[in-house]
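Here is a short tour of one protein model, meant to be read with the structure open beside you. We will go from confidence to cores, and then to a few individual residues.

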Amino acid sequence: MASNNSMQFTSVLVWFRLDLRLQDHEPLDMALSSVAEFGKVLLLYCHEPEMLSQPDTAMQHFCFINETLQEMREDVSKHGGVLHIKAGSILNIFNALHSTGSLTRILAYKETTGKYGFDRDRRVI
């Protein structure tokens, strides 16, 4: 996992939630095409304890996410990038990034989720 210092100079954040892919990923494509305008691009996935405790989340889902994130991290690394994987409240993580003055834009797919995801997104956005 990368340190917070490596995240301080980022302007555009691509927040991976349920859509864990690098190809044909519109928010990622938008971020990469705006590097000249906004600066660095931060790729972030957050393991949220609240999400993992939802009744519609199974251990198999968690294992699949971890396997996919490892593959994504390797692919991103081959291109000189870093996929940051954090754990905790996404709101706290965003607030910490915002307090450094480094977070100017968040890009993510608008996804269909359960009640927890819907409520979380309303708090974040």
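## Confidence and packing in a predicted model

The protein has an average pLDDT of 81, and 84% of its residues score at least 70; pLDDT is the predictor's confidence in each residue, from 0 to 100. This is a predicted model, in which local features need pLDDT of at least 70 and side-chain atom pairs count only at pLDDT 80 or more, while totals for chains, interfaces and linings use all residues. Residues are numbered from 1 along each chain as its sequence is written, and side-chain values use heavy atoms, with hydrogens and water left out.

Confidence is highest in β3, at 94, and lowest in helix α6 (residues 115-124), at a mean of 70. Helices (H or I, at least four residues) and strands (E, at least two) are DSSP runs, numbered from the N terminus. Please treat residues 1-9 with care: pLDDT stays under 50 there, and the model has 17 contacts for them beyond four places in sequence. A contact means heavy atoms within 4.5 Å.

### Two nonpolar cores

In soluble globular proteins, nonpolar side chains tend to be buried together. A nonpolar core here is a set of buried Ala, Val, Leu, Ile, Met, Phe, Trp, Tyr and Cys residues joined through side-chain atoms within 4.5 Å. Buried means under 20% relative accessible area, exposed over 50%, and partly exposed in between (1.4 Å probe, protein chains only).

The largest such core has 16 residues, and those with the most contacts inside it are Phe-16, Leu-20, Leu-43, Tyr-45, Leu-69, Met-72 and Leu-83. At least two residues each come from β1 (10-16), α1 (26-33), β2 (40-47), α4 (59-78) and β3 (83-87). The largest share, 4 residues, is supplied by α4. Apart from this core lies another, of 11 residues, including Leu-13, Trp-15, Cys-46 and Leu-103.

### An aromatic pair

Which two residues form an aromatic pair? They are Trp-15 and Phe-94, in an edge-to-face arrangement with 5.2 Å centre to centre and 85° between the planes. Rings of Phe, Tyr and Trp (its six-membered ring) pair if their centres lie within 6.5 Å; planes under 30 degrees apart count as stacked, over 60 as edge-to-face and the rest as tilted. Because Trp-15 lies in strand β1 and Phe-94 in helix α5 (residues 90-99), the pair ties together parts that are 79 residues apart in sequence. Both Trp-15 and Phe-94 are buried.

### Residues worth a click

The table gives relative accessible areas.

| Residue | Relative accessible area | State |
|---|---|---|
| Cys-46 | 3% | buried |
| His-47 | 13% | buried |
| Asp-24 | 60% | exposed |

Strand β2 holds Cys-46 and His-47. Cys-46 and Ala-87 are 41 residues apart in sequence, yet 5.3 Å apart in space, C-alpha to C-alpha. Beyond four places in sequence, Cys-46 touches Lys-86, Ala-87, Gly-88, Ile-90 and Ile-93.

The side chain of His-47 makes a polar contact with the side chain of Asn-66, at 3.1 Å. A polar contact is a pair of N or O atoms within 3.5 Å; within protein, one must be able to donate a hydrogen and the other to accept it, and residues adjacent in sequence count only if both atoms are side-chain atoms.

Finally, Asp-24 sits in the loop between β1 and α1, with a positive phi of about 50° although it is not a glycine.
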